[in-house]
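Here is a friendly walk through one protein model. Take a look at the sequence and the 3D view first, and then we can go through the parts together.

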Amino acid sequence: MERRYPKEVQDLYETMRRFARIVGPVEHDKFIESHALEFELRREIKRLQEYRTAGITNFCSARTYDHLKKTREEERLKRTMLSEVLQYIQDSSACQQWLRRQADIDSGQSPSVPMASNSGRRSAPPLNLTGLPGTEKLNEKEKELCQMVRLVPGAYLEYKSALLNECNKQGGLRLAQARALIKIDVNKTRKIYDFLIREGYITKA
């Protein structure tokens with residue numbers, strides 16, 4: 001029965017199972033149902049608040065917003081995967097591991113091959129930006145950052161734009177906020193964040 005509930009409610013159902021014999025089955029089900037309803041209401045409120053923050057005032061626009069949001073997430077995932085490929089392409093063994101890992105993910109399985117750790121092997125060479133889309137939009141310092149961090153220009157420009165927008169809205173930006181916003185390797189996020197601070201693009205909160 002509990003499988004029809006979201007995972008958060010399933011956890012509550014499992015926790016409260018031991019009290020079912022005390023309060024009785026009807027009262028127990030009412031208790032669980034009320035929490036399931038509360039969970040759904042909170043999720044719906046959060047969704048509507050997101051629409052309001054984005055300036056959306058009708059459900060027709062909301063459907064368009066959801067479609068564009070899904071498209072953006074898919075594009076971001078593709079860029080992240082491309083960044084991973086470029087990072088490991090210089091190492092044939094690591095590249096084969098990455099391909100096997102992606103094949104497992106695509107088939108719905110848990111990855112059978114963990115990604116090789118960078119410890120114990122030489123650092124990857126700087127990324128060659130020649131011919132990569134977005135390179136022409138970077139200044140020399142930004143090109144150097146992308147080369148050393150091994151980040152494709154298109155992804156960097158998107159991350160930069162997201163951080164600048166959030167900084168402008170909040171009046172400043174903390175590293176933790178930056179990491180929650182762009183969700184890539186934490187070391188890369190730190191380097192991007194420090195660079196944007198150093199160059200005056202954003203300010204610390």
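This is a predicted model: local features need pLDDT of at least 70, side-chain atom pairs count only at pLDDT 80 or more; totals for chains, interfaces and linings use all residues.

## A word on angles

## The overall picture

So what is this protein built from? It has nine helices and zero strands. Going along the sequence, the pattern reads α-α-α-α-α-α-α-α-α.

The protein has 205 residues, and 28% of them count as buried. Take the contacts between residues at least 6 apart in sequence: 41% of these join residues at least 24 apart.

## Helix α3 and what touches it

Helix α3 covers residues 25-53, which makes 29 residues. From its first C-alpha to its last it reaches 42 Å, close to the 42 Å expected at 1.5 Å a residue. Which of its residues are buried? They are His28, Ile32, Ala36 and Tyr51. An α-helix has 3.6 residues a turn, so residues three or four places apart point the same way. Just after α3 comes Gly55, with a positive phi of about 85°.

His35 also sits in helix α3. Is His35 buried, exposed or partly exposed? With a relative accessible area of 27%, His35 is partly exposed. Leaving aside residues up to four places away in sequence, His35 touches Val9 and Leu12. His35 and Leu12 are 23 residues apart in sequence, and their C-alpha atoms are 8.7 Å apart in space.

## Helix α6 and its two partners

Now for some helix packing. Two packed helices are described by the angle between their axes and the distance between the axes. Start with α6 and α9, which pack at about 165° with their axes 11 Å apart. The angle is over 145 degrees, so α6 and α9 are roughly antiparallel to each other. Their crossing is right-handed. On the α6 side the contact involves Lys141, Glu142, Leu145 and Val149, and on the α9 side Lys188, Lys191, Ile192 and Phe195. By class, the residues of this contact divide into four nonpolar, no polar and four charged.

Helix α6 (residues 140-149) also packs against α7, here at an angle of about 115° with the axes 10 Å apart. That makes α6 roughly perpendicular to α7. The crossing of α6 and α7 is right-handed. Glu142, Leu145 and Cys146 of α6 meet Pro153, Tyr156 and Lys160 of α7. Sorted by class, the contact of α6 with α7 has four nonpolar, no polar and two charged residues.

## Helix α7 meets α8

Next, follow helix α7 (residues 153-170) to helix α8 (residues 175-182). How do their axes cross? They come within 10 Å and cross at roughly 130°, and α7 and α8 are therefore oblique to each other. The crossing of α7 and α8 is right-handed. From α7, the contact is made by Tyr159, Ala162, Leu163, Glu166 and Gln170; from α8, by Gln177, Ala178, Leu181 and Ile182. By class, the contact of α7 with α8 has six nonpolar, two polar and one charged residues.

## Two loop residues with a positive phi

Finally, a stop at the backbone. Most residues other than glycine have a negative phi. Arg150 is not a glycine, yet it has a positive phi of about 60°. Where is Arg150? It lies in the loop between α6 and α7. Arg150 is buried, with a relative accessible area of 6%.

Lys183 is another residue other than glycine with a positive phi, near 50°. You will find Lys183 in the loop between α8 and α9 (186-198). Is Lys183 buried or exposed? At 67% relative accessibility, Lys183 counts as exposed, whereas Arg150 is buried.

Methods:
Residues are numbered from 1 along each chain as its sequence is written. Side-chain values use heavy atoms; hydrogens and water are left out. Axes are lines fitted to C-alpha atoms, for helices over the stretch in contact, and angles run from 0 to 180 degrees between N-to-C directions. Helices (H or I, at least four residues) and strands (E, at least two) are DSSP runs, numbered from the N terminus. Angles under 35 degrees count as roughly parallel, over 145 as roughly antiparallel, 65 to 115 as roughly perpendicular and the rest as oblique. A crossing is left-handed if the near helix is turned anticlockwise from the far one by less than a right angle, and right-handed if clockwise. Contact means heavy atoms within 4.5 Å. Ala, Val, Leu, Ile, Met, Phe, Trp, Tyr, Cys and Pro count as nonpolar, Asp, Glu, Lys and Arg as charged, and the others, Gly among them, as polar. The expected span of a helix is 1.5 Å times one less than its number of residues. Buried means under 20% relative accessible area, exposed over 50%, partly exposed in between (1.4 Å probe, protein chains only).
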